[in-house]
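Below are notes on this structure for someone who has not looked at it before. They are numbered so that each can be checked in turn.

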Amino acid sequence: MFIVMVVVFVLGYLAIALEHPLHVDKAIPALMIGTLLWVLYIFGAYDIFTSGLSEAWNAYIHNGHGDPGEHGIETMRHFIVDKEIIHHLGEISEILFFLLGAMTIAEVLSRQEWDSFY
């Protein structure tokens with residue numbers, strides 16, 4: 001699953017880089033990359049976490065037991081849902097609220113400028 005995520009990222013990045021020849025706005029592949037990577041991450045979390053990339057994670061999940069079993073799956077759900085997704089949604093919300101306020105101010109200033117022009 002990890003390899004599939006890398007392939008999706010590279011293909012999406014190429015789609016963003018080749019915006020003009022493909023006649024596609026950058027937002028479309030960017031949103032698709034983000035969505036697909038989160039979906040792949042959630043569905044493949046067990047394989048990604050237990051692939052042996054992190055000895056500390058394996059020790060934490062096994063918690064002294066041979067098979068992580070339900071404890072390992074619950075730990076991954078807690079880590080993914082309670083920590084990662086909520087953290088990233090919080091960051092995205094901060095950016096969107098900032099842009100909403102900034103664009104509102106820019107629009108108000110733009111309208112005042114045009115009104116004084118006429």
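1. Along the sequence the protein runs α-α-α-α-α-α. It has six helices and zero strands. Both kinds of element are DSSP runs numbered from the N terminus, with helices (H or I) of at least four residues and strands (E) of at least two.

2. The model is predicted: local features need pLDDT of at least 70, side-chain atom pairs count only at pLDDT 80 or more, and totals for chains, interfaces and linings use all residues. Residues are numbered from 1 along each chain as its sequence is written, and side-chain values use heavy atoms, with hydrogens and water left out.

3. Of the 118 residues in the protein, 18% are buried. Buried means under 20% relative accessible area, exposed means over 50%, and partly exposed lies in between (1.4 Å probe, protein chains only). The protein exposes about 9200 Å², and 70% of that comes from carbon and sulfur atoms. These areas come from the Shrake-Rupley method with a 1.4 Å probe; for residues, only the protein chains shown count as cover.

4. Take the contacts between residues at least 6 apart in sequence: 50% of them join residues at least 24 apart. A contact here means heavy atoms within 4.5 Å.

5. How do helix 1 and helix 3 cross? The axes of helix 1 (residues 2-17) and helix 3 (residues 27-43) come within 9 Å and cross at roughly 175 degrees. Helix 1 is therefore roughly antiparallel to helix 3. Axes are lines fitted to C-alpha atoms, for helices over the stretch in contact, and angles between N-to-C directions run from 0 to 180 degrees. Angles over 145 degrees count as roughly antiparallel, under 35 as roughly parallel, 65 to 115 as roughly perpendicular, and the rest as oblique.

6. On the side of helix 1, the contact with helix 3 is made by Val4, Met5, Val8, Phe9, Gly12, Tyr13, Ala15 and Ile16. Helix 3 contributes Pro29, Ala30, Ile33, Leu36, Leu37, Leu40 and Tyr41. By class, the residues of this contact are 14 nonpolar, one polar and no charged. Here Ala, Val, Leu, Ile, Met, Phe, Trp, Tyr, Cys and Pro count as nonpolar, Asp, Glu, Lys and Arg as charged, and the others, Gly among them, as polar.

7. The count of salt bridges comes to one, a salt bridge being a side-chain nitrogen of Lys or Arg within 4 Å of a carboxyl oxygen of Asp or Glu. Lys26 pairs with Glu19, with the closest N and O atoms 3.8 Å apart. Glu19 lies in helix 2 (residues 19-22) and counts as buried because its relative accessibility is 16%. Lys26, at 45%, counts as partly exposed. Beyond its neighbours within four places in sequence, Glu19 is in contact with Val24, Asp25 and Lys26.

8. His23 sits in the loop between helix 2 and helix 3. Its phi is near 55 degrees, a positive value in a residue other than glycine. With 74% relative accessibility, His23 counts as exposed.

9. Helix 6 (residues 69-117) holds Glu84, and Phe79 is in helix 6 as well. Glu84 is partly exposed at 23% relative accessibility, and Phe79 is partly exposed at 28%. Leaving out residues up to four places away in sequence, Phe79 touches Tyr41, Phe49, Trp57 and Glu84. With neighbours within four places set aside, Glu84 is in contact with Trp38, Tyr41 and Phe79.
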